[in-house]
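Hello,

Here is the structure I said I would pass on. My notes on it follow below.

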Amino acid sequence: MKVIHVVTTTDVGGAQIMLHRYLSALKDGAQSHSVISLVPPGAVASQIEALGVEVTDLGLRPGRITFAALLRLRRLLRDARPDVVHGWMYHGCLAAWAGLKLLPKRKRAAQVWAVHHSLQDINNEKRSTRMVVRMMAALSRKIELITYCSRVSQEQHEAIGFYPDRVELIANAVDTEIFRPDPAARARLGGIADIPDERLIIGNVARNHPMKDHVAIAKATAQLVEMGHDVHAVLVGEGHRGSLAEQTAQDLGITNRVSIIDTRPDIHRIVPGFDIFLLSSAWGEAFPLAVSEAMAAEVPCVVTDVGDCAQLVGDTGRVVPPAQPEKQALAVAELIDEGPIARATLGKLARERVTDNFSTDIYVDRHYAAYGRATSAKISSQS
């Protein structure tokens, strides 16, 4: 089966990482896949190309789709003659639909949309994104299959008009051979971020974005220090230097207890060094990879109740309301007070939960089942 993936960008992000992880899990089967990005190559593009998968881009600026680019996309799809066109993220899905729409009906591949975003409140999104989402809702009945990475995301999108039939839930996956416990990680991370050995490390991995609410982490850290806990927050990701979270840490007088680490390729060597993972997101999460990766590394997690975070963590961590840093601090303090043995036990349960439910093998199998369902739906519509 020949599959073309149309993605909004190949920058570092949850959906892009999952695309790379999926193609990597296919091994030799990845040769029948190719990727078209709307914008010029990002960091994930070279990783995908290293798998022997061709990556092409349409040269667009972020957030824009031009008719000339759609014509080029049409030519690429016409010449490749794929069995399935798999759209990733909102703009990638809409572009995939438009590119296929420009082809004669008999030459159109089956279409799959992959939604990797939750929609707690559509008004939180940019105006252009709101327009794209509403267009997708109107068009969704014509799509052979829509996949969601979280149940909450599915419910939220269907509430604004996405077609509820021909749907598959495919939760994100973790490579537990890469993300795993590493006894040397704590000392490694301490050396990178200059953290005293006795401090407990509260980690977060995500780019700087308002929906991630990293300001809450700074406030929670300050509250924990005030409560007498010797803690240190580590923010890993793009855009944290000079951010509002960094400024908040300065205003609260805890700059010596907050470290920033830029995006790096060996994140699997950093995450096991956390004592506790704190997801502070206020909205926008569907099924956050960073949480599942921390769980695979046996790091107990405190997460806000957004997307499917509560389902992901289950009874292996703590769930708190979003946008309430004081409750994040109290949940972290609870794990600290329970002691290292209790935290280690939670960490082992977390890894077992990920291994049993969110493996890459399951992810691959569900995608091939989804492609089969989409192509069957396409054949039925033409008969």
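**Salt bridges**

Asp 182 counts as partly exposed, because its relative accessibility is 23%. Please keep in mind that this is a predicted model. The side chain of Asp 182 forms a salt bridge with that of Arg 188, at 3.1 Å from N to O. Arg 188 is also partly exposed, with 21% relative accessibility.

A search of the whole structure gives 15 salt bridges. Another of them pairs the side chains of Arg 264 and Asp 266, with an N to O distance of 2.5 Å. Asp 266 is classed as buried because its relative accessibility is 17%, and buried means under 20%. Arg 264 is partly exposed, at 27%.

A further salt bridge is made by the side chains of Arg 318 and Glu 334, at 2.5 Å from N to O. Arg 318 belongs to strand β13 and Glu 334 to helix α12 (residues 325-338), so this pair ties together parts that lie 16 residues apart in sequence. Glu 334 is partly exposed, with a relative accessible area of 39%.

Strand β13 covers residues 318-320, and Arg 318 lies in it. Is Arg 318 buried or exposed? With 18% relative accessibility, Arg 318 counts as buried. Neighbours within four places in sequence aside, the contacts of Arg 318 include Cys 301, Val 302, Val 303 and Val 313. Ala 331, Glu 334, Leu 335, Glu 338 and Leu 346 are also among the residues that Arg 318 touches. Gly 339 is 21 residues away from Arg 318 along the chain, and the C-alpha atoms of the two are separated by 15 Å.

Thr 304 is in strand β12, which spans residues 301-304. Thr 304 is buried, with a relative accessibility of 0%. Leaving out neighbours within four places in sequence, Thr 304 is in contact with residues including Leu 279, Ser 280, Ser 281 and Cys 309. Val 319, Val 320, Pro 321, Pro 322 and Gln 328 are also among its contacts.

**Surface patches**

Which residues gather in a patch of positive charge on the surface? They are Lys 101, Lys 105, Arg 141 and Lys 142. Lys 105 sits in the loop between α4 (90-101) and β5 (110-115). Its relative accessibility is 56%, so Lys 105 counts as exposed, the cut-off for exposed being over 50%.

The loop between α4 and β5 also holds Leu 102. Together with Phe 67 and Leu 71, Leu 102 makes a nonpolar surface patch of about 250 Å². Leu 102 is partly exposed, with a relative accessible area of 30%.

**Positive phi angles**

Lys 27 is not a glycine, yet its phi is positive, near 55°. Lys 27 is placed in the loop between α1 (14-26) and β2 (33-37), and it is exposed, with a relative accessible area of 62%.

Asp 194, which is not a glycine either, has a positive phi of about 55°. The loop between α7 (185-193) and β8 (200-205) contains Asp 194. At 66% relative accessibility, this aspartate counts as exposed.

Regards

Key: Residues numbered from 1 in each chain as written. Predicted model: local features only at pLDDT ≥ 70, side-chain atom pairs only at ≥ 80, totals over all residues. Heavy atoms only, no water. Patch = residues over 30% accessible without salt bridge, like charges linked within 9 Å, V, L, I, M, F, W, Y side chains within 5 Å. Areas by Shrake-Rupley, 256 points an atom, 1.4 Å probe, with all protein chains shown as cover. Salt bridge = Lys/Arg side-chain N within 4 Å of Asp/Glu carboxyl O. Lys, Arg positive; Asp, Glu negative; His and termini not counted. Charge placed at Lys NZ, Arg CZ, Asp CG, Glu CD. Helix = DSSP H or I, 4+ residues; strand = E, 2+ residues; numbered from the N terminus. Buried < 20%, exposed > 50% of the residue type's maximum accessible area, 1.4 Å probe, protein only. Contact = heavy atoms within 4.5 Å.
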